[in-house]
Amino acid sequence: MARFDRDVLDTERIEQLRALERLKSAAAAAQARIAVDLDTSMRAGQAAAGMPAQRQGRGVAAQVALARQESPYRGGRHLGLAKVLVAEMPHTLTALEQGAISEWRAGLLAQETIFLSREHRQLVDAHLCADPTGLHGWGDRRLTAEIRKIAYRLDPAGYTRRRAKAESERRVTSRPAPDVMARVTALLPVAHGVAVYAALRKAADTAIAAGDGRTRGQLMADTLVQRVTGQATAAGVPVEIHLIMTDRTLLGEGQGGGEDGGEDGGREQPALLAGYGPIPAGLARRLAVSAAETEVAWLRRLYSRPDSGRLVGMDSARRVFPAGLARFIEVRDQYCSTPWCDAPIRHIDHALPHHQGGTTSADNGNGTCAQCNYARQAPGWKVRPEPGPRHTLRITTPTGHGYRSTAPPPPGHPRFERRRRGASKQSRPSAQRCRP
């Protein structure tokens, strides 16, 4: 693939793009079949070993994710889609193999028919994909609307039950956004969602009519913060945040204001906001000063080796050893320790299990999300600490494949991190943590 002919006419380049897209679809279909074969084989092995039926298959999605270099959540979605395509939607799988539809389109077909019975799902599959040329030129919205129309006609009661189930899964989530912003998303029943938006827009229009100089978008965002938190102004919200920075960044001392923050990692060395990632030094200082002015700030000292950045200790103001040690591991690991998983840490796990003599210590501890911790409970998984400049784990899957995970560096050690990783630059802190 790296040696394909690039010295061609534009007409040929279009043909190359089309051929490569068909190849991607065919590869996705092959991956689906392989993933199902892996799941079937591993379940059979677990059953033969006497594992209860309800636990069989645990850890398979995590292995699929590691092989595909993606998060366990995405690995689980891929395995679920593969099972549906292979077992229940043969026409969709054939269309994918032939490059007539993309993996994304195949996912839409599976997702929108998830509440249907096997027989009804196969009817949708045959109606839309027995002749996939009929989908030519359709956009995602048209395809989704057609699937829903057929599905409702086949099973109106099931469609209603799905709506009720969706309402029970209403939730609010938060994800980092570019330029030191956060994206807070609420999944609500449609009437509630429309009402929330209308109320915010009405409040913004009222403020604009009264002469407020902020834009409608700014007013709606500020009003949302004020009403949710109960504060008089959006800027006055006292929220506990975990901000990790060097003393030089906090105090604004040291030389250098460039990318490296000077030879000693000076005053402009970025800080880390837990759950978000790096933020500019100036913003970190403003947050710290704001917290201090409202008397809600407290400091916890972290100790690291100056040569490698390995965290070796922590001064906890609460002095409760188990909670302090858990917090130390959370600060050190920042994200789930599974490669390619950047989920928040929910469990503090023993690398070498406690019943096998593993100690409850920083070296033997690692932070994981709940899904990854449960996956590692399946037979054949092994996690062991390894020597390294910072806390390093070797993760071995039941098939014998190994993956290495090294904790990201704390603020103040950019030069060492750049030497270790060559000159490559990563924009996400999770990429430092999740390396094979």
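Helix α2, spanning residues 60–68, is largely enclosed by the rest of the structure, because seven of its nine residues are buried. This description, like everything that follows, rests on a predicted model. The buried positions of α2 are Val 60, Ala 61, Ala 62, Gln 63, Val 64, Ala 65 and Leu 66. Around them, the packing partners are the helices α1 (10–48), α3 (72–88) and α14 (370–375), together with strand β12 (402–406). Once α2 ends, Gln 69 follows with a positive phi, near 55°.

Strand β12, a packing partner of the buried residues of α2, also belongs to an open sheet of three strands, arranged in the order β10-β11-β12 with antiparallel pairing. The edges are taken by β10 (382–386) and β12; each has a single partner strand, so one side of each is left without a neighbour in the sheet. On average, and with direction ignored, neighbouring strands here are turned by 25° against each other. Looking at one pair in detail, strand β11 (residues 392–396) is joined to β12 by five bridges in the antiparallel sense. Within this part of the sheet, Thr 396 lies opposite Gly 402 of β12.

Helix α9 (residues 190–209) meets helix α10 (residues 216–229) at an angle of about 115°, and their axes are 8 Å apart. The crossing of the two is right-handed. On the α9 side, the contact involves Tyr 197, Ala 199, Leu 200, Arg 201, Ala 203, Ala 204, Asp 205, Ala 207 and Ile 208, while α10 contributes Arg 216, Leu 219, Met 220, Thr 223, Leu 224 and Arg 227. By residue class, this contact of α9 with α10 comprises ten nonpolar, one polar and four charged residues.

Finally, what surrounds Arg 183, leaving aside residues up to four places away in sequence? Its contacts, counted in this way, are Thr 173, Ser 174, Arg 175, Pro 176 and Ala 177. Arg 183 sits in strand β2, which covers residues 181–187. Between the C-alpha atoms of Arg 183 and Thr 173 the separation is 8.2 Å, with the two residues ten apart along the chain. The relative accessibility of Arg 183 is 48%, and this residue therefore counts as partly exposed, a class that lies between buried, under 20%, and exposed, over 50%.

Technical notes:
Residues are numbered from 1 along each chain as its sequence is written. This is a predicted model: local features need pLDDT of at least 70, side-chain atom pairs count only at pLDDT 80 or more; totals for chains, interfaces and linings use all residues. Side-chain values use heavy atoms; hydrogens and water are left out. Axes are lines fitted to C-alpha atoms, for helices over the stretch in contact, and angles run from 0 to 180 degrees between N-to-C directions. Helices (H or I, at least four residues) and strands (E, at least two) are DSSP runs, numbered from the N terminus. A crossing is left-handed if the near helix is turned anticlockwise from the far one by less than a right angle, and right-handed if clockwise. Contact means heavy atoms within 4.5 Å. Ala, Val, Leu, Ile, Met, Phe, Trp, Tyr, Cys and Pro count as nonpolar, Asp, Glu, Lys and Arg as charged, and the others, Gly among them, as polar. Buried means under 20% relative accessible area, exposed over 50%, partly exposed in between (1.4 Å probe, protein chains only). Two strands pair if DSSP finds at least two bridges between them.
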